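Hi,

Here is the structure I promised to pass on to you.

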Amino acid sequence: MVKVVLIGLVAVFAVLLMKVGKPEFAMAVSLAACVLILLFAGGTLTSVIGELKKLFSYITLPEGYLKILFKILGVAYLAEFGSALCKDAGQSAVSGQIELVGKLTILAISMPVVTSLFETIARMTW
Amino acid sequence: MTIQLIFKIAAVGILVSVINQVLKHSGREEHAFLVSLAGLLLVLMWIVPYIAELFSTIMKLFEM
C-alpha cells in the first residue's frame with residue numbers, strides 16, 4: 001500500500017514538473033502511474049474475486065448471472081479508467097463518449113437478466 | 001522496476017524540453033519538433049507493454 005502511495009506522489013510531481021513545458025509527457029507519466037498502480041492491485045483483486053466466487057457458490061445462483069456480474073465490474077472499471085485519464089488531459093468530450101459507451105455495454109451485458117426478471121413477473125401475474 | 005519507469009519518462013521529458021529550447025534558440029524549429037516526437041514515441045514504447053499487461057490481467061480477472 002505504501003508503494004502505491006509513493007508511486008502516486010512521485011508521478012504527480014513528475015507531471016507537475018512537465019505540465020508547463022511538455023504537456024504530452026505529463027499525460028504519459030500519469031498514464032504510466034495509473035497502469036503501475038493498478039498492476040499492484042492485481043494481486044489483491046484476484047484474491048478478493050476468488051473469495052467472492054466461493055461465497056457465490058454457496059447460494060444456488062444460475063451460472064450466467066455471476067459471469068455477467070463480473071463482466072459488468074470489468075467494463076465499469078475500464079470505462080472509468082479511460083474517461084478519467086481523458087478528463088485529466090483536458091478532453092472532457094472524449095471522456096464523456098467513453099463513459100457513454102461504457103454504460104451502453106453494461107446495459108447490453110445485463111439485458112438477459114432484465115428479460116428473465118420480466119418473464120418471471122409475467123409468469124406470476126397470469 | 002516500477003518506479004524506474006516513471007523516472008525514465010520524467011528524464012526523457014526533461015531532456016526533450018531542454019533539447020527543444022536549445023534547438024529553438026539555434027533557429028532549427030523542425031528539428032525541435034522531430035526531437036519531441038521521437039521522445040514521445042520512445043516513452044510510449046516503454047508504456048505500451050505495461051498497458052497490454054494491465055488489460056490482459058483485467059480481461060482474465062473479470063472473464064470478459
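Before the first finding, one term: a nonpolar core here is a set of buried Ala, Val, Leu, Ile, Met, Phe, Trp, Tyr and Cys residues joined through side-chain atoms within 4.5 Å. Please also keep in mind that this is a predicted model.

The core

The largest nonpolar core holds 34 residues, and those touching the most other members are A:Val29, A:Leu31, A:Val35, B:Ile6, B:Ile9, B:Val43 and B:Ile47. Two or more residues each come from α1 (2-19), α2 (23-58) and α3 of chain A, and from α1 (2-25) and α2 of chain B. Helix α2(A) provides the largest share, 11 residues.

The contact between the chains

How many residues does each chain bring to the contact? Chain A gives 32 residues and chain B gives 29 residues. Together the two chains bury about 2,700 Å², with 88% of that coming from carbon and sulfur atoms. On the chain A side, A:Phe25, A:Leu36 and A:Leu39 lose the most area to chain B, and together they make up 20% of what that side buries.

Salt bridges

Over all chains the count is 4 salt bridges, and 2 salt bridges are counted between chain A and chain B. A:Lys53 pairs with B:Glu63, with the closest N and O atoms 2.7 Å apart. That pair runs from helix α2 of chain A to the segment after α2 of chain B. A:Lys67 also forms a salt bridge with B:Glu63, and here the closest N and O atoms are 3.6 Å apart. This second pair crosses from helix α3 of chain A to the segment after α2 of chain B. A:Lys53, A:Lys67 and B:Glu63 are therefore linked in a network of salt bridges.

How accessible are the members of this network? A:Lys53 has a relative accessible area of 33% and is partly exposed. A:Lys67, at 35%, is partly exposed, and B:Glu63, at 26%, is partly exposed too.

Within chain A, A:Lys87 forms a salt bridge with A:Glu99, the closest N and O atoms being 3.7 Å apart. A:Lys87 is in helix α3 and A:Glu99 in helix α4 (residues 92-109), so this pair ties together parts of chain A that are 12 residues apart in sequence. A:Lys87 is partly exposed at 48% relative accessibility, and A:Glu99 is partly exposed at 29%.

Another residue of helix α3 in chain A is A:Glu80, which is partly exposed with a relative accessible area of 45%. A:Glu80 and A:Gly102 are 22 residues apart in sequence, while their C-alpha atoms are 8.2 Å apart in space.

Aromatic rings

The whole structure has 2 aromatic pairs over all chains. In one of them, the ring centres of A:Tyr77 and A:Phe81 are 5.9 Å apart and the planes meet at 35°, so the pair counts as tilted. Both residues belong to helix α3 (residues 63-88) of chain A, 4 residues apart, which is about one turn of the helix. A:Tyr77 is partly exposed at 23% relative accessibility, whereas A:Phe81 is buried at 9%.

A:Phe81 also pairs with B:Phe55: the ring centres lie 6.4 Å apart and the planes are at 85°, so this pair is edge-to-face. It crosses between chains, from helix α3 of chain A to helix α2 (residues 29-61) of chain B. B:Phe55 is partly exposed, with a relative accessibility of 33%. A:Tyr77, A:Phe81 and B:Phe55 make up one aromatic cluster.

One more ring to look at is that of B:Trp46: the charged end of B:Lys8 sits over it, 4.6 Å from its centre.

Definitions and conventions
Residues numbered from 1 in each chain as written. Chains lettered and ligands numbered in written order. Predicted model: local features only at pLDDT ≥ 70, side-chain atom pairs only at ≥ 80, totals over all residues. Heavy atoms only, no water. Phe/Tyr/Trp six-rings, centres within 6.5 Å; stacked < 30°, edge-to-face > 60°. Buried < 20%, exposed > 50% of the residue type's maximum accessible area, 1.4 Å probe, protein only. Lys NZ or Arg CZ within 6 Å of the ring centre and 35° of its normal. Contact = heavy atoms within 4.5 Å. Buried area = accessible area lost by both parts, 1.4 Å probe. Salt bridge = Lys/Arg side-chain N within 4 Å of Asp/Glu carboxyl O.
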